[in-house]
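Subject: Structure for your review

Dear colleague,

Please find the structure below, together with its sequence.

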Amino acid sequence: MATSIAGLHHVTAIASDPQRNLDFYTAVLGLRFVKRTINFDDPGTYHFYFGDHTGKPGTILTFFPWPGARRGRAGAGEVSATAFSIPLGSRPFWTARLTANGISFSEHLRFNASVLAFQDPDGMSIELVEHNEAHPGTAPRYSDVPAEYAVQGFYGVTLLLNRLEQSAELLAVLGTKQIAQEGNRIRFASEGEALGRFLDIVVDPKAAHAAPGAGSVHHIAFRTPDDASQAEWRKILAPHVHVTTVQDRTYFRSIYFREPGGVLYEIATDIPGFLIDESVESLGETLRLPEWYEPRRPAIEAAVVPLVLHKSASAITEVVK
Ligand code: ZN
C-alpha cells in the first residue's frame, strides 16, 4: 500500500460550446482527443477527454461541454488554475503559439519555474509550467506541436481557499507533504515523481465563494493503481470525510469526497484505462457509449452536436479570437 496518493489522475471542468472547446485543446494546446463519450447523467450532451498520445493517467483533462452554459464566477472553494508541464526551453515556442492564436497571457516566476498563464475560451485558467522534469515524449497523434515542445501531462493545480488548516490536514491524510511557501501560496506534493503531483493552496480569507459554470473546474481526481488500493484509501478517509461508494466510470472506477474548503476530490483507478474500447490509433475518433446506452445510440447521436475533428491551429484562429 502506498503511503501517498500518486498525483492527479484527471481534472474535470465545465465548458460551453463543444466544438470551440475541442478546437482549443487539440489544435492550440496540441492535446489528443482521447475519448468522446456522453455525460452519463445527461446523455444528450458530451463528455470529452483530452490527454497525451495514449491517454495515460496524469494527462487527462475532461470537460462537460453544455452548449450555451453560462459562465462560472471564480472564487474561493474552487480550483483556480490547472497547470500542465512543458519541457525546459519550450517557452518561446508557446509564447509565439499563443500570440499567433490571439490568446493573451502573462508570465510569472513561481517557486523558480516559469509559468505562462492564460484562459481558455470559456475563461478557465490554464498554466504552462516550464521545468526540467517535463521530458519530451511522443507527440500526440494529429498534433502539429513538435514533440520537443509538447505538453507533458499535468504539473498540478491551484486551489483558492478561505482557510488552510483543515484542508491541509486532509492533504496530510492523503500522504502529501507541505514542501514550500511563497506569500499566501502553500505548495503540497505527493511522494515520488508522478505527473501532476503538486497542489498549491492560495489562502485568501476574504475571497467570495466561487459560483460554478462554464470555465469552472468541477472536481479533481487523484490516482490509485487498482480497486484494492482504492478500497484502502476509502478506509483511510472514512474517519475524516464522507466518501461515496465506488462508481463505475467505464474507463476507471471512482470514489468522491469534498475537502473542507469546498473542492470536490475523487480517487480514480488507473485501470481499466482508455484503451478498453479503442486502439491507440483510433482514440477519440468515434462516439463511445457504455453498454447500457448502446440501445439508445441513434437518439443520442441525433441529440449531440456534430463535431469536426483534427482542425489545424490556423484554421481556428478566427474562432478563438
Ligand atoms: Zn472525475
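**Strand S5 and the sheet around it**

Strands S5 and S9 are joined by six bridges and run antiparallel. Within this pair, Glu78 stands opposite Leu160 in S9. Please note that the model is a predicted one.

S5 also pairs with S8, here in the parallel sense, again over six bridges. Ser85 has Val129 as its bridge partner in S8. S5 is mostly covered, nine of its 10 residues being buried.

These strands belong to an open sheet of eight, whose order is S6-S7-S8-S5-S9-S12-S11-S10 and whose pairing is mixed. Its edges are strand S6 (106-110) and strand S10 (177-182), each of which pairs on one side only. On average, neighbouring strands of this sheet are turned by 25° against each other, direction ignored.

On the way from S9 towards S10, the next pairing is with S12. Strand S9 (residues 154-161) and strand S12 (residues 198-203) run parallel and are joined by six bridges. Leu160 has Val202 as its bridge partner in S12, while Glu78 stands opposite Leu160 in S9.

**Helix H2 and Pro92**

Helix H2 lies across strand S5 (78-87), S6, strand S7 (113-119) and strand S8 (125-131), and runs at about 15° to S7. Pro92 is placed in this helix, which spans residues 91-100. Is Pro92 buried or exposed? With a relative accessible area of 56%, Pro92 is exposed, because the cut-off for that class is over 50%. Pro92 and Tyr293 are 201 residues apart in sequence, and their C-alpha atoms lie 46 Å apart in space.

**The loop between S7 and S8**

Asp122 is found in the loop between S7 and S8. Although placed in a loop, Asp122 has a relative accessibility of 4% and therefore counts as buried. Its side chain makes a polar contact of 3.0 Å with the side chain of Arg20. Neighbours within four places in sequence aside, Asp122 is in contact with Ala15, Ser16, Arg20, Arg71, Ala214 and Gly215.

Another open sheet of eight strands has the order S2-S3-S4-S1-S13-S16-S15-S14, with mixed pairing. Strand S2 (32-39) and strand S14 (247-248) are its edge strands, and each pairs on one side only. S1 pairs with strand S4 (residues 60-65) in the parallel sense over six bridges, and Ala13 has Phe63 as its bridge partner in S4.

**The zinc site**

Which residues coordinate the zinc ion? The donors are His10 (NE2), His219 (NE2) and Glu266 (OE), at 1.9 to 2.0 Å. Along the chain, these donors follow the spacing H-x208-H-x46-E.

Why do His10 and Glu266 count as buried? The cut-off is under 20% relative accessible area. His10 has a relative accessibility of 2% and so counts as buried; Glu266, at 0%, therefore counts as buried too.

**Helix H3**

In helix H3 (residues 165-173), the residues Ser167, Ala168, Leu170, Leu171 and Val173 are buried. The buried residues of H3 pack against S9, strand S11 (185-189), S12, H4, S15 and S16. Just after H3, Gly175 takes a positive phi of about 85°.

With kind regards

Technical notes
Residues are numbered from 1 along each chain as its sequence is written. This is a predicted model: local features need pLDDT of at least 70, side-chain atom pairs count only at pLDDT 80 or more; totals for chains, interfaces and linings use all residues. Side-chain values use heavy atoms; hydrogens and water are left out. Helices (H or I, at least four residues) and strands (E, at least two) are DSSP runs, numbered from the N terminus. Buried means under 20% relative accessible area, exposed over 50%, partly exposed in between (1.4 Å probe, protein chains only). Donors are N, O and S atoms within 2.8 Å of the metal (3.2 Å for Na, K and Ca); water is not among the atoms, so sites may look incomplete. Two strands pair if DSSP finds at least two bridges between them. Axes are lines fitted to C-alpha atoms, for helices over the stretch in contact, and angles run from 0 to 180 degrees between N-to-C directions. Contact means heavy atoms within 4.5 Å. A polar contact is a pair of N or O atoms within 3.5 Å; within protein, one must be able to donate a hydrogen and the other to accept it, and residues adjacent in sequence count only if both atoms are side-chain atoms.
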